[in-house]
Amino acid sequence: MKPNTLLFVAFLFFDFAALAWGAWEFWSVRKDKGAPPPQPPVPTNGGSPELSGHPEG
């Protein structure tokens, strides 16, 4: 195999590997649109988020 051919094959291999890795990274960070976002917890201090729940104020 000529050195130029070997260099070209190596270039194609690593180019494909980089594109496949990039596609896998992009696909792995996609959000699942079917799951609803988590709801914040309901306050237990009378239902008002302004109340701290402490007796002094």
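User: What should I know before starting?

Analyst: The model is predicted, so local features need pLDDT of at least 70 and side-chain atom pairs pLDDT 80 or more, while totals for chains, interfaces and linings use all residues. Residues are numbered from 1 along each chain as its sequence is written, and side-chain values use heavy atoms, without hydrogens and water.

User: How many helices and strands are there in the protein?

Analyst: Helices (H or I, at least four residues) and strands (E, at least two) are DSSP runs, numbered from the N terminus. Here you have 1 helix and 0 strands.

User: Is H1 buried or in the open?

Analyst: Buried means under 20% relative accessible area, exposed over 50%, and partly exposed in between (1.4 Å probe, protein chains only). The number of buried residues in H1 is 0, so the helix lies largely in the open.

User: Which rings form the aromatic pair?

Analyst: Rings of Phe, Tyr and Trp (its six-membered ring) pair if their centres lie within 6.5 Å; planes under 30 degrees apart are stacked, over 60 edge-to-face, and the rest tilted. The count is 1 aromatic pair. Phe13 and Phe14 have ring centres 5.2 Å apart and planes at 75°, so they are edge-to-face. Phe13 counts as exposed at 52% relative accessibility, and Phe14 counts as exposed at 56%.
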